Amino acid sequence: MKILAIETSCDETSVAVVEDGRKVLSNQIYSQIDIHKLYGGVVPEIASRNHLEKISQIVDSGLAEANLSFDDIDALAVTYGPGLVGALLVGVNYAKTLAYALKKPLIAVHHIVGHIFSALTEYPELKPPFICLVASGGHTQLVVVEDYHLLKVIGKTRDDAVGEAYDKVARTLGLPYPGGPQIDKLAKKGDGSAIHFKRTYLEKDGYDFSFSGIKSGVLNYINQQRQKDLAINAADVAASFQEAVVDVLVDKSVMALKNYNMNTLVLAGGVAANSRLRDRLMAAAQTEGFNYYAPSLKLCTDNAAMIGCAAYYTGDVAKPVDLALNAVPSLKL
Ligand code: KG4
Ligand code: ZN
């Protein structure tokens with residue numbers, strides 16, 4: 001089954017064709033980052049307008065890259081939430097129009113479920129059960145994936161998402177948006193043990209996260225140094241912040257694997273591109289003896305291939321969604 005998937009939840013316009021949930025025949029991603037960079041973050045209205053301007057062209061390139069025409073497509077899939085409402089609406093309306101005009105079934109996909117399944121397209125042997133650490137700009141969750149249709153959120157952030165904390169710390173250090181990749185790069189030149197930022201674990205045995213404390217710790221440190229006219233080593237700040245965040249993410253993931261008696265961990269979301277997080281999880285997998293999967297960098301940030309994969313495993317073409325489908329900006333998992 002070939003699914004044409006559309007993703008427009010934030011600032012990437014993406015279209016992919018995925019065969020039988022696993023084989024990515026195309027994955028076109030148009031990123032608006034350069035446009036939003038000028039404003040230090042995503043401007044929702046500008047994001048919607050740019051999706052509108054690009055969507056037809058990206059759908060055409062998605063088909064062309066797969067060397068297919070609309071006739072070859074069996075079903076359509078679209079992200080309907082969570083995300084920016086205006087941005088989501090562009091994809092949802094385009095997908096509904098295509099489904100109506102082509103008389104093909106439409107599958108509605110949860111953006112985070114897409115992230116959770118992104119690694120499936122690259123690792124044929126990977127299948128549930130597994131635990132997924134979702135680390136993105138809008139979400140930080142630990143999810144027990146018992147089966148393709150059985151996902152249980154066991155922990156989530158009570159304040160900032162981890163990507164949001166990266167972006168805010170980066171802004172304070174004067175780095176451009178999006179800050180996550182900038183911190184990642186700068187941290188390589190710094191010492192992660194130079195400054196101790198307090199790790200927030202909340203309840204000892206709990207899986208919830210909190211990153212606003214670590215973020216405020218960094219901001220307070222920078223302000224104090226400035227007030228005292230002392231130098232700030234930005235690379236050390238970046239590395240020390242990153243070490244604090246990664247400690248918590250790794251520890252809670254390993255604890256979840258042990259307590260749920262699982263031996264496979266999957267990493268997903270934009271922050272899954274973080275080199276330190278990837279390395280530390282890889283090291284933990286070796287010492288603790290669990291299987292660890294992380295998508296390639298292109299599949300960590302928003303893309304439609306993950307939506308096509310999730311549509312295949314969670315949708316039902318015999319029961320396509322109604323064309324009254326609407327965008328749901330704060331859709332829960
Ligand atoms: O999943 P995503 O593309 O969008 C959401 O669904 O939120 O994630 C974007 C987030 C941004 O906060 C960005 O700074 C962060 O992922 N990010 C990174 C890295 N690459 C992207 N954070 C840390 N290290 C990276 N290498
Ligand atoms: Zn995302």
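1. Let's start inside the protein, with Ala256. This residue counts as buried because its relative accessibility is 0%, and the cut-off for buried is under 20%. Keep in mind as you look around that the model is predicted. Ala256 belongs to helix 8, which covers residues 234–259.

2. Which residues does Ala256 touch, once its neighbours within four places in sequence are left aside? The contacts are with Ile131, Leu142, Ile154 and Tyr207. For a contrast, look up Leu173: Ala256 and Leu173 are 83 residues apart in sequence, and their C-alpha atoms are 33 Å apart in space.

3. The buried ones are Ala305, Met306, Ile307, Gly308, Cys309, Ala310, Ala311 and Tyr313. A reminder for reading any such element: an α-helix has 3.6 residues a turn, so residues three or four places apart point the same way.

4. Now for the surface. Which residues gather there in a patch of negative charge? They are Asp20, Asp71, Asp72 and Asp74. Asp20 sits in the loop that links strand 2 (12–19) to strand 3 (23–31). Asp20 counts as partly exposed because its relative accessibility is 36%, and that class lies between the cut-offs of 20% and 50%.

5. Two peptide bonds deserve a close look. One is the cis bond that joins Gly81 to Pro82, with omega at about -10 degrees. Pro82 is in the loop between strand 4 (75–81) and helix 3 (85–102). Another cis bond joins Tyr177 to Pro178, also with omega at about -10 degrees. Pro178 is in the loop between helix 5 (162–172) and helix 6 (179–187).

6. Backbone angles give us Asn67. Its phi is positive, near 60 degrees, although the residue is not a glycine. You will find Asn67 in the loop between helix 2 (44–66) and strand 4. Is Asn67 buried or exposed? Asn67 counts as exposed, because its relative accessibility is 69% and the cut-off is over 50%.

7. Lys103 is another non-glycine residue with a positive phi, here about 55 degrees. This lysine lies in the loop between helix 3 and strand 5 (106–110). Lys103 is exposed because its relative accessible area is 74%.

Conventions. Residues are numbered from 1 along each chain as its sequence is written. Chains are lettered from A and ligands numbered from 1 in the order in which they are written. This is a predicted model: local features need pLDDT of at least 70, side-chain atom pairs count only at pLDDT 80 or more; totals for chains, interfaces and linings use all residues. Side-chain values use heavy atoms; hydrogens and water are left out. Patches are made of residues with over 30% relative accessible area and no salt bridge: like charges are joined within 9 Å, nonpolar side chains (Val, Leu, Ile, Met, Phe, Trp, Tyr) within 5 Å. Accessible areas come from the Shrake-Rupley method with a 1.4 Å probe; for residues, only the protein chains shown count as cover. A salt bridge is a side-chain nitrogen of Lys or Arg within 4 Å of a carboxyl oxygen of Asp or Glu. Lys and Arg count as positive and Asp and Glu as negative; His and the chain ends are not counted. The place of a charge is taken as NZ of Lys, CZ of Arg, CG of Asp or CD of Glu. Helices (H or I, at least four residues) and strands (E, at least two) are DSSP runs, numbered from the N terminus. Buried means under 20% relative accessible area, exposed over 50%, partly exposed in between (1.4 Å probe, protein chains only). Contact means heavy atoms within 4.5 Å.
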